Structures are given as structure tokens and as C-alpha cells.
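Reader: I have a model open and want to learn how to read it. Can we take a few features in turn?

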Amino acid sequence: MLLILVDCRLAEAVMVVLKKGADVELLIEKASFGGKGVARLNGFVVFVQHAIPGQRVLARIIRKKKAYAEARVLSVLEESDYAILPRCSHFGSCGGCLWQNVPYARQLDIKRQLVFDCLAHIGGLAEHLVRPVRPSPQVYYYRNKMEFSFGDERWLEPGELKLEHLPKPRNFALGLHVRGRFNRVLDLEECHLQHADTAEILAVVRQFARTSGLPPYNSRDHTGFWRFLVVRHSRYSDTMMVEIITAPHRSGPKLLAQLAAMLQRRLPAVATIVHGVSAKKAQIASADSRLVLCGPGYLEERLGSLCFRISPGAFFQTNTSGAEILVQEVLEAAGLSGVEEVWDLYCGTGALTLHLASRAGKVVGFEIVPQAVVDACANARLNNLTNCEFVVGDMRALFQQTATWSGHSSVPEVVVTDPPRAGMHPRVVRGLLELGPPRIVYVSCNPATLARDLKLLQEQYRLHHIQPVDLFPHTAHIEVVALLARE
């Protein structure tokens, strides 16, 4: 009885300390899914933003729930043993990187642990099934695409807060959103994630837009002109594609023609420039209509032995060299001999589909986005692959008519599924179980939803292995390839 009384008092003490706004000293034990540090105060879990394992921090509670609390770091009282100096001057303010202050080898260890924690807690799976993470061949400058936002509320970095006169105007920014602040944009001057020419493109576009006479977009009242800048790089041709997305305005075409001419003069590597127009209120870098201002309006890239044409708005894995490793793992897991029929669910523009087709008898790709299927068919023709076809439709609806998916009622030997972060809809999981292919290769960008779906699939399938592949150094994101075989 005495022990119960002590436990209750401890719990009550924690509840008092962990009020919103309270300052507490915490030791960060590990990282959580999403990249926050995990600490415990008398057994109560606290998730701490921008903290890494091994740090002792003074943190302020910003949110209090029944089972956990969230906090932000006020100061680092004791640094982690393996902390290093970040390369980027914006680190800590920018929402792009979480772990530039963690050595890359240690990042891989953390990510493997994150994958295992999700699989163990949600799916009840064993640790030995999770292989060591395959690293990205490039740790910096690995991204082939970056989306930047214009904003009229520039985020002040720590060094500016004490200045009486700001070095740059407060009402204009071009860069990345500060994590957790949808309306605040960090005016980015350097980024070590994409090709080095990106910084100069940012500088040219920023200067032109700031002096254009038209304001940046305001996400609160949905006014303003300048909305997004999307930069892509082709490793194959070493060229860039620039898309500027604006709101509709009568002066837009003339302004964008002037900007395109300036970019061409200053940056010969910019091979094509596109003006996208969007009247949507949603802060998504997509366009209702597009006009090609110069060049072909697309880039060509090679992934492994295949060539892909990438148009504005098309999905393509953002780490080209890392994606080649991901494709290798999928092909190895599929175990194709050249005669099998394969279904590729959520196939996008066909990056996996076409590589599977080069080793299978026939491949059928399924995708809900019509434009992605148009691109996939074009890429198949570009690579002279005639043994693949594509079906447009919602996976949930398609599984109600599986007999007509590929023109006949045969069951494919292999199903590859690469769903969005939300994972597969329960109806799709049930459809897979009813279909019963001998092998399923599950590609996931979200270990939590992967664990949920694997738990359901293990009714009839045995999990052979989980292979994490790192496509996003310095972030908490991780790709995973899981192989399941029918019992």
C-alpha cells in the first residue's frame, strides 16, 4: 500500500512540473519517429524538438497530453558525445535538416532503431529482421528537386533578434518554411542538400521578385503574386529546370519572360524554365496551368540503365543515386527470372515498373494520377519496353475488380506495392490477402504505417526481411523494403 502511495505522489509531482510553460531539465535518451528527442521525467515521456540523443537540455513544455508532453529546447546544458558542428549557417532555423549536427554513421544507427521501434511496438516484429541501413552515396547535395516558398513574413534568425536595423526587409522572403510555422519563411541563402547552382538561382529570383513591384503571396488572406520556386537538377545531363509558380496577374507573363531571360544569361546550366499559375488557396507547389518559357519543358535523367523524362509536377525520387540502391533492393527481393507476371501498385511515373519490366515477363502498373500514367507510358516508349502496361484508378476500387485489372484472371507471381505515407487502405490489404500472390515486396516511406500493414499481411505471409535505405541524409525520413512470402 505504501508503494502505491509513493507512485501516486510521484505521478502527481510530474503532472505539476509538466504544465504548459514549465521549464525542465531533461536528458535525451533516443530519437523518436519524426526526429524529436525522447526524454523521461520520473517515467513520463517528453518529446523534445531539435534535440539529439545524449544531450542534457533545459526545455520548455509547449504541449501537455495525458500520456506524454512536448517541449522545445531553451539551451543545451551538456552536449552529446558525438555532436558535430553543422555545415549550414541556417541550421537550427531551417525546417529542411534535423541532424546536420550528428555524424552520418550515427544517423544511420538512429534510423535503424527508429524502424525497429515502429515494427516492434506496432507490428510486434523481431529485431533480427531489420538489416543495417544502406547509406546514401551522397551525404550532401543529393537532392534533385527542391521546392521553395515566397512569403511576406520573414523569419528572423537568432543573430538578427538583437539588431535595431535589420539587414533585409521583414516583408519579403524566399526559402523554406520554418518547422511548425506555416506562415513564416526563412530567407535561404545557402542549402547543402541540392546542387550548388541552386543558391545562385535563389539569389537571382529573389532579387528580381523583390524589385518587381508585385508582392509575395500571403497565406492568411490569400493575396499576392509570387508563390513558389521549384528547382530540379539532372545528374545525367548536369542541367537544371526552374519552375516559378505565381498567382494569376495581368503583368505575370511579361515579368516572367524578363526573369527567364535573366536566368538564362546568368546561369547557362538552366536548360528549361516554366511559368506555372495557381489560383488554389492551398500552399502546395502545383500549378493549374503551365507555360514553357524556354527549353523543352522537361529534363531527362537516368536511373540505373533506364532513361526517364521528368516534366514539371511529375514525381521522381529526389535522391537519384539513392534511388538506384532502392531499385536494386526491390529487384533482389522480387527474385525475377524473366517469365513472371508482376503487379506494381501505386506505380507513379513508372520508375520501379520499368526496372521490373526489364527482368519480368510482364508488368502491370496501377496509379490513381492520370498524368503520372501518361508520363509512365512515355517513359516505357523512351526505353523501348513493350511488356508493361498501366491502369488508371483508385486502388480501393480496383481491388473490387481484380479479374479485369490486367486483362485476365491470373494471379501475379509478385506484387510490388509502394503506397504514400498513409500506407495501404484496409480494403487494399484485404484485396491482397484474397488475391494471394506468392511474393509481396512492400516499399514504404513510413515505418509506422508499414508496421500496421505488415501486421495484417502476416495472417498469410511470412516476413523475410526489412531493408532500410537512406534517401534523405540529415532528416528523420527513411525508405524501407520488406519482403513477404506466402506461407
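Author: Start with a pair of side chains. His233 and Asp238 are joined by a polar contact of 2.9 Å. Keep in mind that this is a predicted model.

Reader: Where does His233 lie?

Author: His233 is part of strand β10, which covers residues 226–234.

Reader: Is His233 buried or exposed?

Author: The cut-off for buried is under 20% relative accessible area. His233 has 14% relative accessibility, so His233 counts as buried.

Reader: Which residues is His233 in contact with, leaving aside neighbours within four places in sequence?

Author: The list is Asn144, Gln194, His195, Asp238, Thr239, Met240, Leu299 and Glu301.

Reader: Now His192. Where does His192 lie?

Author: In a loop. That loop runs between β9 (185–187) and α3 (197–210). His192 is at 11% relative accessibility, so His192 counts as buried.

Reader: Which side chain does a polar contact join to that of His192?

Author: That of Glu190, at 3.4 Å. Beyond residues up to four places away in sequence, His192 touches Arg87, Cys88, Tyr140 and Tyr141.

Reader: Next, a helix. How many residues of α10 are buried?

Author: For a helix, count residue by residue. Helix α10 spans residues 447–457, and eight of its 11 residues are buried, so α10 is largely enclosed by the rest of the structure. The buried ones are Pro447, Ala448, Thr449, Leu450, Ala451, Asp453, Leu454 and Leu457.

Reader: What covers the buried residues of α10?

Author: Helices and strands both take part. The cover includes α2 (104–123) and α9 (426–435), along with strands β20 (439–444), β21 (461–469) and β22 (479–486).

Reader: What happens at the start of α10?

Author: Look at Asn446. One of its side-chain oxygens comes to within 3.0 Å of the backbone nitrogen of Ala448.

Reader: How do the axes of α9 and α10 cross?

Author: For a helix pair, read distance, angle and hand. These axes come within 10 Å and cross at roughly 35°. The crossing of α9 and α10 is right-handed.

Reader: Which residues of α9 and α10 meet?

Author: From α9, Val429, Leu432 and Leu433. They meet Asp453, Leu456 and Leu457 of α10. The residues of this contact divide into five nonpolar, no polar and one charged.

How values were computed: Residues numbered from 1 in each chain as written. Predicted model: local features only at pLDDT ≥ 70, side-chain atom pairs only at ≥ 80, totals over all residues. Heavy atoms only, no water. Helix = DSSP H or I, 4+ residues; strand = E, 2+ residues; numbered from the N terminus. Buried < 20%, exposed > 50% of the residue type's maximum accessible area, 1.4 Å probe, protein only. Polar contact = N/O pair within 3.5 Å; in protein donor to acceptor, adjacent residues only side chain to side chain. Contact = heavy atoms within 4.5 Å. Axes fitted to C-alpha atoms, helices over the stretch in contact; angles between N-to-C directions. Left-handed = near helix turned anticlockwise from the far one by under 90°. Nonpolar A, V, L, I, M, F, W, Y, C, P; charged D, E, K, R; others polar.
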